[in-house]
Amino acid sequence: MAALEILKYPSAGLKEIALDVNVFDAALQDFIADLEETMRAGPGGVGIAAPQVGCLQRIVIVDVSSKPKIKQHGRLVLINPEILEWEGMAKGREGCMSVPDFTGAVIRAKNIKLQAQDEKGDVHEYDMEGFEARAVQHEIDHLDGLLFLDRLVSRRNDLFARKVYE
Ligand SMILES: [Zn+2]
């Protein structure tokens with residue numbers, strides 16, 4: 001396993017649309033292991049998407065279990081994830097390993113119903129809320145070439161310089 005290099009804004013690779021995963025082989029498992037190591041090496045990393053390391057495949061890892069007392073599913077490998085239903089809206093602060101110097105206040109759905117495959121290709125459905133739902137929406141945006149910067153209603157009011165990554 002090896003931590004991979006993370007593309008940083010404004011890298012053109014972060015604007016590409018990732019392709020569906022069709023082959024669930026050993027190479028995929030190796031890549032997922034490297035992607036997870038990369039996420040865990042980053043400060044405060046609760047999620048990562050394959051395009052952030054230059055791999056244009058629809059692979060996301062989310063693990064918000066470090067946040068106490070919220071509803072969540074623990075470590076999740078989400079392959080070809082699709083949001084089936086959205087409900088509610090909330091504004092919340094987000095950071096991103098590809099945008100290390102800023103955080104932003106972004107409006108997201110509060111609750112989502114998500115369908116995704118796991119690393120073996122089995123299909124699962126998840127009902128998610130709050131911070132976990134936000135993290136998943138953020139990571140799925142990476143699969144579609146979007147950053148939280150693209151979701152800010154107002155850069156003047158909703159973008160914040162980060163002094164220390166907390
Ligand atoms: Zn991100």
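Are cysteine 96 and histidine 142 buried or exposed? Select the two residues in the viewer and keep the question in mind; the model on screen is a predicted one.

**Stop 1: the zinc ion**

Start at the zinc ion and show the side chains around it. Its protein donors are Cys96, through atom SG, and His138 and His142, each through NE2. These donors lie 2.0 to 2.3 Å from the zinc ion. Along the sequence, the donor residues follow the spacing C-x41-H-x3-H. Cysteine 96 sits in the loop between β3 (76-94) and β4 (102-117), while histidine 142 belongs to helix α2 (residues 130-143), so this pair ties together parts that are 46 residues apart in sequence. As for the opening question, cysteine 96 and histidine 142 are both buried.

**Stop 2: strands β3 and β4**

Next, select arginine 108 and glutamate 94. Their side chains meet in a salt bridge, with an N to O distance of 2.9 Å. Arginine 108 is in strand β4 and glutamate 94 in strand β3, so the pair ties together parts that are 14 residues apart in sequence. Both residues, arginine 108 and glutamate 94, are buried. As background, side chains of opposite charge can pair when their charged atoms come close.

**Stop 3**

What do the side chains of aspartate 141 and arginine 151 form where they meet? They form a salt bridge, at 2.7 Å from N to O. The pair links distant parts of the chain: aspartate 141 is in helix α2, and arginine 151 is 10 residues away in the loop between α2 and α3 (155-158). Aspartate 141 has a relative accessibility of 6% and counts as buried. Arginine 151, at 37%, counts as partly exposed.

**Stop 4: helix α1**

Now select glutamate 36 and arginine 40. Both lie in helix α1 (residues 26-41), four residues apart, which is about one turn of the helix. A salt bridge joins glutamate 36 to arginine 40, and their closest N and O atoms are 2.7 Å apart. Glutamate 36 has a relative accessible area of 13%, which is under 20%, so glutamate 36 is buried. Arginine 40 is partly exposed, with a relative accessibility of 44%.

**Stop 5: the network**

Salt bridges with shared partners join Glu36, Arg40, Asp63, Arg75 and Glu119 into one network. To end the tour, show every salt bridge: the structure holds 12 of them.

Methods. Residues numbered from 1 in each chain as written. Predicted model: local features only at pLDDT ≥ 70, side-chain atom pairs only at ≥ 80, totals over all residues. Heavy atoms only, no water. Donors = N, O, S within 2.8 Å, 3.2 Å for Na, K, Ca; no water. Helix = DSSP H or I, 4+ residues; strand = E, 2+ residues; numbered from the N terminus. Buried < 20%, exposed > 50% of the residue type's maximum accessible area, 1.4 Å probe, protein only. Salt bridge = Lys/Arg side-chain N within 4 Å of Asp/Glu carboxyl O.
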